[in-house]
Structure formats: structure tokens, C-alpha cells
Amino acid sequence: MNYIKPKQFDFSNVKGLTYNQLYQHYQLYKGYVNSTNKIRENLEDNSIYVNPSATYSNLRSAVKAQTFAIDGVKLHQLYFENLTGNNTIPYGHIEKLIVNRYGSYEEFKRRFMNTGLSVRGWVTLSIDPIDNELYIYGQDAHDNGVVLNAFPLIVLDVYEHAYMIDYGIDRKKYIDVFFNNLDFSVVNKRLKDYLNRNNKSPQYY
Ligand SMILES: [Fe+2]
């Protein structure tokens with residue numbers, strides 16, 4: 001098996017979230033990395049593949065925990081990566097797609113924010129290869145609400161731990177702060193990666 005290492009992120013230009021808030025959140029992310037490695041170690045061991053039970057068994061616990069932990073790693077990486085405080089004005093291909101899909105960037109933002117206020121874990125703007133369309137998807141947990149194969153372009157963590165130190169229970173304010181720090185060069189790069197992977201030219205749209 002391969003051991004995952006925590007990625008490094010540059011928060012130096014992030015505005016509106018304190019060092020302590022970001023540091024605590026990053027520590028939580030590192031915990032998911034460690035847990036993923038530990039769970040995967042356990043799942044490499046032949047001895048865990050005994051006495052299976054869909055009600056309770058060590059194997060069941062490990063299998064369920066693996067999904068939660070690895071999705072926790074991936075989602076946090078996507079979140080921290082698009083939270084830089086740089087390139088925060090919408091531009092480029094993603095801006096055009098958002099405006100085509102939602103009528104205006106403001107309308108997209110309103111829907112995204114209200115989705116973030118309606119779920120307990122994550123909200124993403126994803127492009128779904130099933131029809132190559134943008135969708136705002138909401139998740140109640142790392143492993144609850146994930147849409148298979150959907151490609152996340154914008155990722156927001158709405159768990160309380162993401163903002164409680166700085167904003168108490170004011171999630172709306174925190175989501176505003178998120179948008180003020182959202183890096184559209186990262187979002188455009190993700191879109192480009194999606195198009196390349198799926199052999200789509202930008203003219204496809
Ligand atoms: Fe988080």
C-alpha cells in the first residue's frame with residue numbers, strides 16, 4: 001500500500017479567517033490522513049477478513065471508516081487548495097459556464113450559499129460527466145452525498161469546525177468570507193483538467 005502524506009497549503013493571503021482557525025482545521029485534515037493510513041494498514045492484514053457481519057464486525061468498521069477518512073482527506077485538499085485569497089474575481093471559462101448555467105454569478109452564489117446553509121458537511125460546484133453539466137451538490141458528511149464520478153470544481157467545507165472559532169454559529173458570514181478568498185485560477189485549472197481528461201475541447205460548450 002502507499003502511505004498518504006499531508007499536502008502543504010499557502011494560507012498567507014487568506015483574509016477573514018485567523019491563523020488559529022486555519023491551523024486547527026489543518027490539524028484535523030492531518031488527522032484524516034493519519035487515519036486513512038492506519039485503516040488501510042489494517043485492511044492489508046489478512047486476519048481482518050474473518051467473521052464478516054453487516055451489523056457489526058471489525059471488517060465492517062474498517063470498510064466504513066476508510067470511506068469516511070479518504071473522502072475527508074480529498075475534500076479537505078480540494079477545499080484548502082481553492083481557499084487562497086488570490087485571483088478572487090471570477091474570470092475565464094468557469095465564469096462563462098456559471099453565467100450560462102445560472103443566469104449570473106450572483107444567482108449562482110445565492111444558490112451555492114443557500115445549499116451550504118441546508119447541508120451539514122460540504123457543498124460543491126461539480127461538473128458531472130453524465131451530461132457535462134454544472135451541478136451544486138450538497139453533502140451531510142464526507143461519505144454521505146458523494147456523487148460518483150462528479151468532478152468538483154469549487155469545494156466548501158461547512159462543518160462548524162471550519163468557522164466556529166472565528167464566526168461562532170454565523171455560517172452565512174463564513175460562506176461570504178469563503179467567496180472572498182476563492183481562487184478562480186484553481187477553479188479554471190480544475191475545469192481544464194476535466195476537459196482534458198474527458199477529451200472535450202472548450203468549444204464543446
Ligand atoms: Fe473540515
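Two strands count as paired here if DSSP finds at least two bridges between them. Helices (H or I, at least four residues) and strands (E, at least two) are DSSP runs, numbered from the N terminus. This is a predicted model, in which local features need pLDDT of at least 70 and side-chain atom pairs count only at pLDDT 80 or more, while totals for chains, interfaces and linings use all residues. Residues are numbered from 1 along each chain as its sequence is written.

**View 1. Three strands make an open sheet in the order β2-β1-β3.** The pairing is antiparallel. Look for the edges at β2 and β3, each of which pairs on one side only. On average, neighbouring strands of this sheet are turned by 20° against each other, direction ignored; axes are lines fitted to C-alpha atoms, for helices over the stretch in contact, and angles run from 0 to 180 degrees between N-to-C directions.

**View 2. Strands β1 (residues 122-128) and β2 (residues 133-139) form a hairpin.** Seven bridges join these antiparallel strands. Four residues lie between the two strands, and N132 in the turn has a positive phi of about 55°.

**View 3. On its β3 side, β1 pairs over six bridges with residues 151-157.** Here too the strands run in the antiparallel sense. W122 has D157 in β3 as its bridge partner, and V123 stands opposite L156. A residue is called buried if 20 or more other C-beta atoms lie within 10 Å of its own, exposed if 12 or fewer, and partly exposed in between, with C-beta atoms placed from the backbone. Six of the seven residues of β1 are buried, leaving this strand mostly covered. Strand β3 is largely enclosed by the rest of the structure, because six of its seven residues are buried.

**View 4. Helices α1 (residues 19-44) and α2 (residues 58-81) cross at roughly 145°.** Their axes come within 8 Å, and α1 passes α2 in a left-handed crossing (the near helix is turned anticlockwise from the far one by less than a right angle; clockwise would be right-handed). Residues are in contact if their C-beta atoms, placed from the backbone, lie within 7 Å. On the α1 side the meeting residues include Y29, Y32, I39 and R40, and on the α2 side they include A62, A69, V73 and H76.

**View 5. Helix α2 packs on the sheet, touching β1 and β3.** The direction of α2 makes about 85° with that of β3. Among the buried residues of α2 are A69, V73, L75, Y79 and F80, and the buried residues of this helix pack against α1, β1 and β3. The end C-alpha atoms of α2 are 34 Å apart, which agrees with the 34 Å that its 24 residues should span at 1.5 Å a residue (the expected span is 1.5 Å times one less than the number of residues).

**View 6. V63 sits in helix α2.** This residue is partly exposed, with 14 other C-beta atoms within 10 Å. V63 and R40 are 23 residues apart in sequence, and their C-alpha atoms are 9.1 Å apart in space.

Note on methods:
Contact = placed C-beta atoms within 7 Å.
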